[in-house]
Amino acid sequence: MNGMKLIHCGDLGLCAALPAFLSEEQQEARREELFATFERMLTYADRHQVAGVLIAGGLFGRAAVYQDIEKRVRETMAEHPYLSFFYLPDGDGRETFLYPAEPMPENLFVFNESVRKYRLPGNIVITGQALADPKAFSEKLDRRDFNIVMLRGKEIPAGEDFAGRGIDYLALGGRACAASGRIDDRGIFSYAGCLEGTDFSEAGQHGFKLLDIDESSHTYRVQLLDDAMRHPWMVPVDVSGLETIDAIMKRVRAVLSLLTGTPSDDPEIANVPLGEVEEILGTMGGRRLHQEDLVEVMLRGSIPMEMKREPEAVEKALNGSFYVVSVQDETYRVGNEKATPDTVQQMIAGFSAEVEHDGKLSKEAKRYITGEGAALILQEGAAAPAKLKEQIEALSPNRRTGEIFQKRMAIEQETKGLEERPKTEEAIVSNAIETYDAVLKRQALLEQKAAVQSQIDRANQEREKAGQQEKLQKLYHKALMAQQDTAQALTGFFGAENDLLTPQDKEARLLSTRNQAAEKFKDKVPALTDIQSVGGCFADVERDKKNLTELREKWNRTLAAKKKKEAVPGVSILGAVLLVLGLVLLLMHVATVPAIADYILIGVGALLMITGLVVYVQQTNERKRLQHRKSAEIHEIKDRIKAEVGRIDALLDSYTGTSRTENPDQRRRELFQDMIQDATSYYSADRILTLIKTQDQCAQEYNAYMQAHPANIDEKETTMTVDNSKLLVNETSHIEHIKTLEKAESETTVELQTFLAKRRDLENHLYELDKKERIFQKSMSSVNRLEERYQLLTTLRDYVK
């Protein structure tokens, strides 16, 4: 059958208390084994294309669940995303797993006290409800669907409780062992049992049930699959007629070897009733006993009155044969035919008669008390009452020296504070609920924050869209201007030919023009600004030559005028004449006394002559200074003309054109005009090519921007305005709101961290209490045996006189 496949399992007990007969190391190992079995079931589901897992029972076996186990279960479920988990919790559904601090797996569906339904393909409907009594289920079901109902209940229901309701498969949880039966002609009820038994009371069939449904005909097949790592066994062994411990041990080994499927060679095998072995194997679903299983041997039947009870010896002998071995002594004593003193026989007879006539005792109790009392009388004789009193006082729970009293005191000391365990578990559950509420509150704050942030993002998107639209318009106008500039330049360059040439022809001619012009320059084409500046040099040269001519004429006039203005040196001549005349007169009067007039004449003449000479020297120096100034100004203009001509020649050196005249100035002008023409052609062609390239780049940039933002730009829109001030005001308000939410979120996070820290402390305390609980259970098992012995002895005291 290849239809919809589902797995039905019961209680998993991943966090449940384990029996006290397991050591602490064994308990830790068993807990890991239980989880490994759960994982193997999910691996099987993946390999066989199972669609869902119906967990009808507690995942953990307790309300207060350790966080690390919770997390591990969630992670394991998340690792199987194609499996759907339908979970019907145990008890009142208050386990901490249902109040997570972290998100629950998306493939987990949990039932609660109200009815929930999940519809699968093929009209398969899974209905579940957490009820204390499954008989209270009253939901109406559509008979056209294949109806699976999930409920819990320890008592196997009667078929008529659910008959005629349209149920095809009633998936039940709450029992440790698998069971099934019919509801009516249409459906069945089924317990999958727990995946693995943990206590001897859970001996039986375990595993999970595979439900294979034909979606077209709604027929189905159910198969129990047992993949448990260990199984608990309860093995009753009848030891009647055996008189020694060795004989009992041989009988026990023979029975166990038959259960393993490898019978021993011991002749005791022949004394084992095969019917009892087959009955045990039938209880276990036909599987054999394995070394890794847990075995409880129950010694039953009668033993001789004088035989000592030694179940511990049998247990010790079997240790190592199985993972755990426990031996319980349920035998009773019977008399023998050996001769005994008459007084002892009379005591036994009187004691037995008194017990037999006690109407308050059951038949089994009478047989047990008679056997134990007779054994005591047989061993102690007349001292039996005193010995019985001594044994009672040694065990007494009411005397400080009593073994039961001392053990109880020791247990109380070792397990002090154990009474806090229920309160601690309740505190963990309450903490989980508070944590979950804080998580929900924080999640709500985050959702509000996300909503506000979404509004900010939308405003930013509007602003961004407006900015993108604005940029698109700028790119469009840039491309348009580049196109217009290019068209205008082409028209100016080609004139009437512009409309006749193809773009390729235009580009080819522009490249040819630019290259031809560039070839006439040795190094590189000079910039037009440089040519224009050198062009000014021609004007400067002409202007400076004209200035030079004008300067020469100006200085010639200045010097001529200066010469005219110079005083004639008549004073000097007059002085010389007077000086000579004076000297002549002086000579004429040598013979006589010279007259004073002669000396005056000589003095005046000398003075006039010196004055004339001084004036002459001054006028000569002035003429030299003016001549020097004239020369300096003329040389300055000549140097400037030379520099300007040098600039012209330097520029013309890079040009390879030819001149048609030998006159240097005329040659320079002709070459310069040719250079201007070639450079203008080069730069005109180059500018147009650059414009064409710019036009293409603008068009590419425009198209690229359009393709990069297709969702945000409407090419048809020419304008898009956004009220930025309003957006900014709203954004400011939203940001303030976000700050408020972030503050509340921070406070909630701190509160959540406080809850989690408290949860860790509570779990640590609970872990210590669990350890004390294991100590208590283990210690109390020995105390219970002592109390049973004490009750027996006190009962015997009433009959043994």
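Histidine 218 is found in the loop between β11 (208–213) and β12 (220–225). This is a predicted model. Phi of histidine 218 is positive, near 60 degrees, in a residue other than glycine. With 18% relative accessibility, histidine 218 counts as buried.

Asparagine 123 is not a glycine, yet has a positive phi of about 55 degrees. Its place is in the loop between β5 (116–120) and β6 (124–128). Asparagine 123 counts as partly exposed, at 41% relative accessibility.

## Aromatic pairs

The whole structure holds 13 aromatic pairs. One of them joins phenylalanine 86 and phenylalanine 109. This pair is stacked, with 5.4 Å centre to centre and 20 degrees between the planes. Phenylalanine 86 lies in strand β3 (residues 84–88) and phenylalanine 109 in strand β4 (residues 108–110), so the pair ties together parts 23 residues apart in sequence. Phenylalanine 86 is buried, at 2% relative accessible area. Phenylalanine 109 counts as partly exposed, at 25% relative accessibility.

Tyrosine 87 and phenylalanine 97 have ring centres 6.3 Å apart and planes at 75 degrees, so this pair is edge-to-face. The pair links distant parts of the chain, ten residues apart: tyrosine 87 is in strand β3, phenylalanine 97 in the loop between β3 and β4. Both tyrosine 87 and phenylalanine 97 are buried.

Ring pairs also build a cluster from Phe86, Phe109, Phe111 and Tyr118.

## Charges over rings

Arginine 72 lies over the face of phenylalanine 35, 4.0 Å from the ring centre. Arginine 175 has its charged end over the ring of tyrosine 191, at 5.6 Å from the centre.

Technical notes: Residues are numbered from 1 along each chain as its sequence is written. This is a predicted model: local features need pLDDT of at least 70, side-chain atom pairs count only at pLDDT 80 or more; totals for chains, interfaces and linings use all residues. Side-chain values use heavy atoms; hydrogens and water are left out. Helices (H or I, at least four residues) and strands (E, at least two) are DSSP runs, numbered from the N terminus. Buried means under 20% relative accessible area, exposed over 50%, partly exposed in between (1.4 Å probe, protein chains only). Rings of Phe, Tyr and Trp (its six-membered ring) pair if their centres lie within 6.5 Å; planes under 30 degrees apart count as stacked, over 60 as edge-to-face and the rest as tilted. A charge sits over a ring if NZ of Lys or CZ of Arg is within 6 Å of the ring centre and within 35 degrees of the ring normal.
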